[in-house]
Amino acid sequence: MKGITGKVNSILKFLIVVCLSLMAIFVFTNVILRYVFNSGITWSEEVSRFLFVWMIFLGAILAFNDNEHLGVDIVVKKLSLTGKKVMYLISNIILLITLVFLLEGSWKLTLLNTDLSAPATGMSYAYIYVFGVIMSGSMILIILYKLYRFIIKKDYSQLIMAASEDSIDHHDKDETGDKK
C-alpha cells in the first residue's frame with residue numbers, strides 16, 4: 001500500500017506544481033499585457049481562480065494524508081495509551097461523518113452547477129465543485145485506511161499527530177517500563 005500511496009502523493013504534488021506554475025504564468029502575463037500594452041487576456045483571471053481552488057483541494061488531500069493539518073493534541077499527550085486510542089477512534093469517526101456530509105454537499109453542488117458557466121471561459125462551475133467530491137472522497141479513503149491499520153493491524157504510530165520523543169518512548173515500553 002505504501003507504493004500506491006507514494007505514487008498518488010507524487011501525482012498530487014505534480015498537479016499542484018502544474019496549477020501553481022500555470023497560475024503564475026497567467027497572472028504575470030496578464031499584468032505585463034495590461035501595464036505595457038494596455039490590454040489583457042480576459043480568461044486568465046478566471047482560469048487562475050479555478051487553478052487556485054484545485055490546488056488548495058489537492059494540497060488539503062496531501063496534508064491530510066501526512067497529518068499536517070492543524071491539530072491540538074495537548075490533552076491527548078496527557079492521556080494514557082488507552083485514552084489515546086479512544087480519542088483517535090472518536091476523532092476519526094467524527095472526521096469520517098463530517099467528510100461524508102461534505103461529499104454529499106459537494107456532489108449536490110456539482111450537479112446544481114453543471115448548467116452554470118463561468119463568464120469568460122464558458123467552463124462549467126461544476127469543475128470547481130467536483131474537486132470537493134474528489135477531496136472528500138480521497139480523505140474518506142485515507143481515514144478508512146488509517147482506521148484499518150489502527151484496528152486490524154494494531155498500528156498505533158499515529159495516535160499523536162506530531163509525535164515527540166516522549167510519546168514514542170511511551171509506546172515502546174511494556175508495563176514494567178522496560179523497552180520491548
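Alanine 63 is buried, its relative accessible area being 14%; buried here means under 20% relative accessible area, with exposed over 50% and partly exposed in between (1.4 Å probe, protein chains only). Alanine 63 belongs to helix α2, where helices are DSSP runs of H or I with at least four residues, numbered from the N terminus. Leaving aside residues up to four places away in sequence, Alanine 63 touches Glu68 and His69, a contact meaning heavy atoms within 4.5 Å.

The model is predicted, so local features need pLDDT of at least 70 and side-chain atom pairs count only at pLDDT 80 or more, while totals for chains, interfaces and linings use all residues. Residues are numbered from 1 along each chain as its sequence is written, and side-chain values use heavy atoms, without hydrogens and water.

Helix α2 (residues 44–65) packs with helix α1 (residues 2–37) at an angle of about 155°, and their axes are 9 Å apart. Axes are lines fitted to C-alpha atoms, for helices over the stretch in contact, with angles from 0 to 180 degrees between N-to-C directions. This makes α1 roughly antiparallel to α2 (an angle over 145 degrees).

Conventions: Helices (H or I, at least four residues) and strands (E, at least two) are DSSP runs, numbered from the N terminus. Angles under 35 degrees count as roughly parallel, over 145 as roughly antiparallel, 65 to 115 as roughly perpendicular and the rest as oblique.
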